[in-house]
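Welcome, and keep your viewer open beside this text. We will go from one selection to the next and say what is there.

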Amino acid sequence: MKFFIDTANLEQIQEAYDLGVLDGVTTNPSLMAKEGIVGQQNILDHYVKICEIVGDGDVSAEVISTDYEGMIREGEILAELHENIVVKIPMIKDGIKAIKYFSEKDIRTNCTLIFSAGQALVAAKAGASYVSPFIGRLDDIHLDGIHLIEQIVGVYNNYFFETEVLAASIRNPLHIVKCAEIGADVVTCPLSSILGLLNHPLTDAGLAKFLADHKKANG
Ligand code: E4P
């Protein structure tokens, strides 16, 4: 399972990369705005900076347009920026048409804002490279986000779709483990959720005892 980090914060991307387990980055307009990245040229420059940190990893950059022509125009500019850019497109009718267009041009896409298996099925048929089902936002309204990932993985396996299931809106380390159990291809997570996987109180207690015993024996 690939680990992506879900942020536009360069320090956090660098920290995840330095940990040695980072496979890519996802951003969205809210995450870019949160970092104060505004204006078209600054936004494009920021995507290039992210690509330079993550080396071979994919970087999802989202279009703002919601009409077909606008998405094509924006997506082509984004794809030109760097070979690792994946054009992120919302799950709307014109978005599906744009995904089909890009798949025929060998430009990779990530279909975002997926909340049902039916949406994921259509995105895969259009040729999306990734679909992003949002776990946390479903959990927030007492629907089962992990169950949706399981459903989509099952549907894709039935028909050998090549579209990768990129589990998004991850809120905690347990989401990551559950996604691994059910075969999601990718998880995109906040840095805190990735770091949370490292923690166990028995690890801390065990290490403290090893070090104390060593000290006692060696003076
Ligand atoms: C994924 O690509 C989305 O940008 C992201 O995971 C949404 O997460 P949120 O629900 O925490 O905003």
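Before the first selection, one definition: Ala, Val, Leu, Ile, Met, Phe, Trp, Tyr, Cys and Pro count as nonpolar, Asp, Glu, Lys and Arg as charged, and the others as polar, with Gly among them. Please keep in mind that this is a predicted model.

**Stop 1: the shell around the ligand.** Select Asp6, Thr26, Asn28, Lys88, Phe134, Arg137, Ala168, Ser169 and Arg171, the residues around the ligand. Colour them by class, and this shell shows two nonpolar, three polar and four charged residues.

Stop 2: Now show the side chain of Lys88: one of its polar atoms lies 2.6 Å from an oxygen atom of the ligand. Move on to Arg137, where a side-chain N or O atom is 2.7 Å from an oxygen atom of the ligand. Then pick Ser169, whose side chain also has an N or O atom 2.7 Å from a ligand oxygen. How much of the ligand does the protein bury? On its own the ligand exposes 340 Å², and the protein buries 84% of that.

**Stop 3: the pocket.** Hide the ligand for a moment and look at the space it takes: this is the largest pocket.

**Stop 4: Val38.** Next, select Val38, in the loop between α2 (29-34) and α3 (40-54). Is Val38 buried or exposed? Val38 counts as exposed because its relative accessibility is 56%, and the cut-off for exposed is over 50%.

Conventions:
Residues are numbered from 1 along each chain as its sequence is written. This is a predicted model: local features need pLDDT of at least 70, side-chain atom pairs count only at pLDDT 80 or more; totals for chains, interfaces and linings use all residues. Side-chain values use heavy atoms; hydrogens and water are left out. A residue is near a molecule or strand if one of its heavy atoms lies within 4 Å of it. A polar contact is a pair of N or O atoms within 3.5 Å; within protein, one must be able to donate a hydrogen and the other to accept it, and residues adjacent in sequence count only if both atoms are side-chain atoms. Accessible areas come from the Shrake-Rupley method with a 1.4 Å probe; for residues, only the protein chains shown count as cover. On a 1 Å grid over the protein atoms alone, a cavity is a set of points where a 1.4 Å probe fits but cannot get out, and a pocket is an open set with protein on both sides within 12 Å along at least five of seven lines; lining residues have an atom within 4 Å of a point. A molecule sits in a cavity or pocket if more than half of its atoms lie within 2 Å of its grid points. Helices (H or I, at least four residues) and strands (E, at least two) are DSSP runs, numbered from the N terminus. Buried means under 20% relative accessible area, exposed over 50%, partly exposed in between (1.4 Å probe, protein chains only).
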